[in-house]
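Subject: Structure handover

Hi,

Here is the structure for you to look at. My notes on what turned up follow below it.

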Amino acid sequence: MTQLPPEQQGVYISPVQMYQEVQHVSRLVSRVDGKLDGILADNREIKGDVSDHEARLRALELGETPRQQRDEARIASLESGRWPLPALGALMGLAGVATGVAALFVR
């Protein structure tokens, strides 16, 4: 065998080695593709959860939940039952003033 000068020497890659390397790269790409599919499925699930949470928050902000509607009705009934107390207090004050005035003039 004759020696070639260093400028003409090179690396020889056989077709078998190239085929093996392409097969190896193909397996790696398949693994990455599988992982991406898993990530995309997780992303879809997360998007569904986020939209569900957003809908719940909007319902809470608008006061549309059954519990909020029930509480509003209860508060309204309590407030409507409370109105006579100030009116009764005012009437009692007027009665006291009238009694005082009457007692002053009776003497």
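A residue is called buried under 20% relative accessible area, exposed over 50%, and partly exposed in between. Asp52 has a relative accessible area of 37%, so Asp52 is partly exposed. The same cut-offs apply to the other residues below.

Confidence

Please keep in mind that this is a predicted model. The mean pLDDT of the protein chain is 88. Of its residues, 97% reach 70 or more. Helix α1 has the highest confidence, with a mean of 92. Helix α2 has the lowest, with a mean of 86. Where pLDDT is low, the predicted coordinates should not be read in detail.

Salt bridges

The count comes to two. One joins the side chains of Asp52 and Arg56, at 3.5 Å from N to O. Both residues lie in helix α1. They are four residues apart, which is about one turn of the helix. Arg56 has a relative accessible area of 51%, so Arg56 counts as exposed.

The other salt bridge joins the side chains of Asp71 and Arg74. Here the N to O distance is 3.7 Å. Both residues are in helix α2. Because they are three residues apart there, about one helical turn separates them. Asp71 is partly exposed, because its relative accessibility is 28%. Arg74 is exposed, with a relative accessible area of 53%.

The loop between α1 and α2

What is the place of Thr65? Thr65 sits in the loop between α1 (15-62) and α2 (66-82). Is Thr65 buried or exposed? Its relative accessibility is 19%, and the limit for buried is under 20%, so Thr65 counts as buried. The side chain of Thr65 makes a polar contact with the side chain of Gln68, at 3.0 Å. Leaving aside residues up to four places away in sequence, Thr65 touches Ala59 and Leu60.

A nonpolar patch

Leu85, Leu88, Leu91 and Leu94 form a nonpolar patch on the surface. Together they have about 430 Å² of accessible area. Leu85 belongs to helix α3, which covers residues 84-106. Leu85 is exposed, because its relative accessibility is 58%.

Separations along the chain and in space

Two pairs give a sense of the layout. Arg82 is found in helix α2. At 56% relative accessibility, Arg82 counts as exposed. Arg82 and Met18 are 64 residues apart along the chain. Their C-alpha atoms are separated by 90 Å.

The second pair is Gln20 and Gly100. Gln20 is in helix α1. Gln20 has a relative accessible area of 49%, so Gln20 is partly exposed. In sequence, Gln20 and Gly100 are 80 residues apart. In space, the distance is 113 Å, C-alpha to C-alpha.

To recap, there are two salt bridges. Asp52 and Arg56 form one of them in helix α1, and Asp71 and Arg74 form the other in helix α2. Thr65 is buried in the loop between α1 and α2. The four leucines Leu85, Leu88, Leu91 and Leu94 make up the nonpolar surface patch.

Best wishes

Definitions and conventions
Residues numbered from 1 in each chain as written. Heavy atoms only, no water. Helix = DSSP H or I, 4+ residues; strand = E, 2+ residues; numbered from the N terminus. Buried < 20%, exposed > 50% of the residue type's maximum accessible area, 1.4 Å probe, protein only. Polar contact = N/O pair within 3.5 Å; in protein donor to acceptor, adjacent residues only side chain to side chain. Contact = heavy atoms within 4.5 Å. Patch = residues over 30% accessible without salt bridge, like charges linked within 9 Å, V, L, I, M, F, W, Y side chains within 5 Å. Areas by Shrake-Rupley, 256 points an atom, 1.4 Å probe, with all protein chains shown as cover. pLDDT = per-residue confidence, 0-100.
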